[in-house]
Amino acid sequence: MTERSRLLAGRRGLSRPEKEMILGRVLARVAPRSRWRSRIAIGALALSAAAAGAAILLPVTPRDELTARGGDLPPGFEVTCVPEPCAVGSKLVFDITSTGGAAYFAAFASGGDRVIWYFPNSPEGRSRPVPEGGGIMNTGITLGSEHAPGTYMIKGVFSSAALDRASVRALVDQGRATVTRQVIIP
Amino acid sequence: MTVFADNRPLLDAFRRGDRAALATVYYHYVDDIAAVVRHGFSIPTSGIRVRGAADEQTERDLVQEVFVRAFGVRARDSYDGVRPYGAYLRRIAKNLLIDRARAVDHTIPLDDADGELVIEPEAIENDAEWNEQRRVTTAYIAALAPELQKLVRLRFEEEMSQDQTAEALGVSRRRVRTLEARIQRGLRKALRRAGLWQKDRPQPALLRMGSQ
């Protein structure tokens, strides 16, 4: 199936939205935004959300025995919907902006009373290896009908060992080794 | 002519890793690199033909990898601003394609990697499928409201950024994003109605994974 943006452009080559997506990923790898800028942006977002009466969970950058040492930065990730904005049919792309020295990554979304697992992708599975040095996880998540419109908090857990879902949830419940990102499906 | 010709400030900003400078260089060369990645190339001296990316996702991944390698700190620092930068990027793309080809065909000799690069003309296979999808797309665009038709022209055909499109339409960038998503959703429905959407589309990963 041809990429829809190429059909709209009437050309088979990369479309402008695709080029923008690729550039975003390249820059995330080679020239990530400085942390203080990100904090300012997050702070501004939090302030605007607070003004609107909403609550935003800020990323937690933990350091404990389950988070492997050795990275220059604490572990972090960003999620992007391709195409934006997020909608059923979009692909959720996980970009590991910093591994923090961790070797494995797990993620799930919670919205309302539901939990949707991304990694591990099966009840018996374990967290996925992170790309060496960070970067895009090689598996994206196509948003299906289970992602009803709403606000989802995506929790990512970095660890030095592959974890099953129960271990991941235990860490999250303890508030450890977790980075949280928000995705809104309009 | 390299994008850095007579533009020392751009070269300096590029070497610093300035995101705007990187974006300028990227947009200057991305179409050329995408063409190499998409179509593959041949090495006339040995008659070897290296195929391009087999699908759009691979094409995007390879283009991304070319620029990740070229824009790395060490690569930026070592570039003198004089050597043809496009040729440098092409060489990275070519080597990536050769590495992929060697993964399945170990007979490609190493010294051929330095051979002349001739981009293959666009393959004509799948023309029928493309033409059918375009026919549905064209009819879909024709049925859109004038504002949306203009957005398609600016954003997709003329490749404007969302900011430029917003300015041209006199709306906010957020509005452009919303309309763009609406257009893409509508096209998906049109393709589905025509029986052209599900055919090659991979099943959503979440359906395989299940949820709890």
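## A loop proline

B:Pro84 sits in the loop that links α4 (73–78) and α5 (85–104) of chain B. The model is a predicted one. B:Pro84 counts as exposed because it has 11 C-beta neighbours inside 10 Å, and the cut-off for exposed is 12 or fewer.

B:Pro84 and B:Ala5 are 79 residues apart along the chain, and 9.6 Å separates their C-alpha atoms.

## Helices α1 and α2 of chain B

Helix α1 (residues 8–16) of chain B and α2(B) have axes that come within 7 Å and cross at roughly 110°. The two helices are therefore roughly perpendicular, as angles of 65 to 115 degrees are classed that way. The crossing of α1(B) and α2(B) is left-handed.

On the α1(B) side the contact is made by B:Leu10, B:Ala13 and B:Phe14, and on the α2(B) side by B:Ala21, B:Leu22, B:Thr24 and B:Val25. Six residues of this contact are nonpolar, one is polar and none is charged.

## Where chain B touches chain A

In the contact between the chains, chain B has 44 residues and chain A has 38. Elements giving two or more residues to the chain B side are α2 (19–39), α3 (56–70), α6 (127–142), α7 (146–157), α9 (173–193) and α10 (205–209) of chain B. Of these, α2(B) gives the most, with eight residues.

By residue type, the side of chain B that touches chain A has 21 nonpolar, eight polar and 15 charged residues.

How values were computed. Residues are numbered from 1 along each chain as its sequence is written. Chains are lettered from A and ligands numbered from 1 in the order in which they are written. This is a predicted model: local features need pLDDT of at least 70, side-chain atom pairs count only at pLDDT 80 or more; totals for chains, interfaces and linings use all residues. Two residues are in contact if their C-beta atoms, placed from the backbone, lie within 7 Å. Helices (H or I, at least four residues) and strands (E, at least two) are DSSP runs, numbered from the N terminus. Ala, Val, Leu, Ile, Met, Phe, Trp, Tyr, Cys and Pro count as nonpolar, Asp, Glu, Lys and Arg as charged, and the others, Gly among them, as polar. Axes are lines fitted to C-alpha atoms, for helices over the stretch in contact, and angles run from 0 to 180 degrees between N-to-C directions. Angles under 35 degrees count as roughly parallel, over 145 as roughly antiparallel, 65 to 115 as roughly perpendicular and the rest as oblique. A crossing is left-handed if the near helix is turned anticlockwise from the far one by less than a right angle, and right-handed if clockwise. A residue is buried if 20 or more other C-beta atoms lie within 10 Å of its own, exposed if 12 or fewer, and partly exposed in between; C-beta atoms are placed from the backbone.
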